[in-house]
Amino acid sequence: MMTAVRITLTVNGTRHDDDVEPRLLLVHYLRETRGLTGTNVGCDTTSCGACTVLLDGESVKSCTVLAVQADGGEVTTIEGLASGDAMHPVQEAFREHHGLQCGYCTPGMVMAAVSFLAEHPDPSEDEVRHGLEGNLCRCTGYHNIVKAVMAAAKTPAAPRA
Amino acid sequence: MIPSAFDYVRAASVDEALAQLAEHGDEAKLLAGGHSLLPLMKLRLAAPTVLIDIGRLRDLSYVRDGGNHVAVGALTRHRDVEISDLLRAEVPLLAHTAGLVGDPQVRHRGTIGGSVAHGDPASDLPAVVLALGGTLVARGPGGEREIAAGEFFHGFLETALAPDEMLTEIRLPKRPGAGWSYQKFNRRAQDWAIVGVAAVRNGGAGVALVNMGSTPLRATAVEQALASGASPADAAAHAAEGTEPPDDLNGSADYRRHLVQVLVRRALEEAGARG
């Protein structure tokens with residue numbers, strides 16, 4: 001065990017201080033240290049996007065970020081999107097348009113979509129498809145996912161994470 | 001997958017990073033965005049015992065007008081290169097190609113300096129810097145030095161950077177009115193190029209190849225043919241000369257030697273139409 005490092009992370013609005021091993025990946029910090037298992041590990045090789053979370057408002061693949069790199073930052077996971085009982089407009093749109101089948105890719109897909117919409121508030125369908133290129137779905141194909149993101153883009157005053 | 005254990009130090013300045021490099025030598029690696037290094041460490045293909053995190057050196061994240069060139073700080077993320085108005089106006093080949101690296105999540109973390117210093121022949125940006133005839137600025141214990149892009153890539157993941165040096169800036173010459181093109185051929189949107197071609201043309205041409213050997217390669221035979229007045233199609237027929245493309249599950253070496261000729265022709269035609 002190499003020297004542990006003290007980090008401070010704000011996760012879904014709550015501040016935490018932890019001593020972590022430098023090699024601890026952000027996704028393992030979230031799932032194991034914080035118990036937030038909504039973020040999935042899929043390929044574990046920066047490809048599939050299942051582990052996507054927001055770091056300081058931008059989508060990142062948490063299997064390829066060290067927890068120590070995120071020190072001082074704000075992380076939003078799928079658990080932090082809803083406000084009480086009110087789902088985030090992107091979550092609501094995925095439900096409404098059934099943008100999922102097995103659901104494994106869904107948390108990462110939703111977080112990637114939230115980040116994408118913050119950068120592209122009025123996207124074309126083509127831009128949505130390219131904007132989600134970092135997330136793989138192996139069940140449904142992408143038809144309803146794209147439909148959901150297009151619908152969420154049209155939701156008035158959608159909160160951006 | 002979990003990397004081997006390492007000690008973590010965070011550099012608050014370039015000088016501090018250089019001091020750490022001097023102290024730890026070959027055992028240490030610089031960590032910028034980590035999107036080349038961490039995947040290698042997770043696969044245990046790299047196992048540095050010390051990581052020196054330079055990811056917080058915000059003063060190395062910039063795009064500046066240098067008169068006859070544009071200077072890009074080594075820690076500028078792909079996303080910031082992609083959306084830079086100055087680069088879009090003055091070095092559109094770089095801004096465009098930065099938007100094709102990996103996927104949005106990768107572009108939120110990966111940096112231009114990390115990509116160039118990693119020197120992966122399959123990466124997009126090293127070939128762009130080569131085609132543009134860029135200059136790499138490195139700092140080490142002896143001060144700062146400039147390295148021409150053509151002298152920078154030495155071998156597979158090997159560059160002209162000494163173990164105690166750090167890449168700080170990438171300079172791209174302005175080429176007003178130049179036509180340009182980047183051809184990236186892959187099967188899945190986020191993949192590395194099976195073969196890629198960066199081209200820029202006004203008067204002389206710069207053409208560089210992705211994933212056609214152990215380093216990013218300048219297509220000198222193509223450039224010479226163009227200089228002698230060959231058409232894009234005739235010049236492109238020389239694209240595989242002097243290359244040693246890899247054989248892997250994405251394509252045989254023969255397939256790549258064919259593909260590179262097709263892509264160089266497309267790149268030259270597109271650059272010609274844009275010029």
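Predicted model: local features only at pLDDT ≥ 70, side-chain atom pairs only at ≥ 80, totals over all residues.
1. Chain B has three assigned parts: domain 1 covers residues 7–53, domain 2 covers 60–173 and domain 3 covers 179–274. The centres of domain 2 and domain 3 of chain B, taken over C-alpha atoms, are 20 Å apart.

2. Domain 2 of chain B puts 23 residues in contact with 21 residues of domain 3 of chain B. On the domain 2 side, the elements giving two or more residues are α5 (92–98), α8 (124–132) and β8 (153–155) of chain B. The largest share, seven residues, belongs to α8(B). By type, this side of domain 2 of chain B has 13 nonpolar, eight polar and two charged residues.

3. Helix α11 of chain B runs over residues 253–274. With 22 residues at 1.5 Å each, α11(B) should span 32 Å, and its end C-alpha atoms lie 31 Å apart, so the two values agree.

4. Several residues of α11(B) are buried, among them B:R256, B:L259, B:V260, B:L263 and B:A271.

5. Between the chains, 22 residues of chain B are in contact with 27 residues of chain A. On the chain B side, β1 (7–10), α2 (37–42), β3 (50–53) and α6 (104–109) each supply at least two residues. The largest share, five residues, is from α6(B). This side of chain B consists of twelve nonpolar, six polar and four charged residues.

Methods
Residues numbered from 1 in each chain as written. Chains lettered and ligands numbered in written order. Helix = DSSP H or I, 4+ residues; strand = E, 2+ residues; numbered from the N terminus. Expected span 1.5 Å × (residues − 1). Buried ≥ 20, exposed ≤ 12 C-beta atoms within 10 Å, placed from the backbone. Domains from an automatic or database assignment. Contact = placed C-beta atoms within 7 Å. Nonpolar A, V, L, I, M, F, W, Y, C, P; charged D, E, K, R; others polar.
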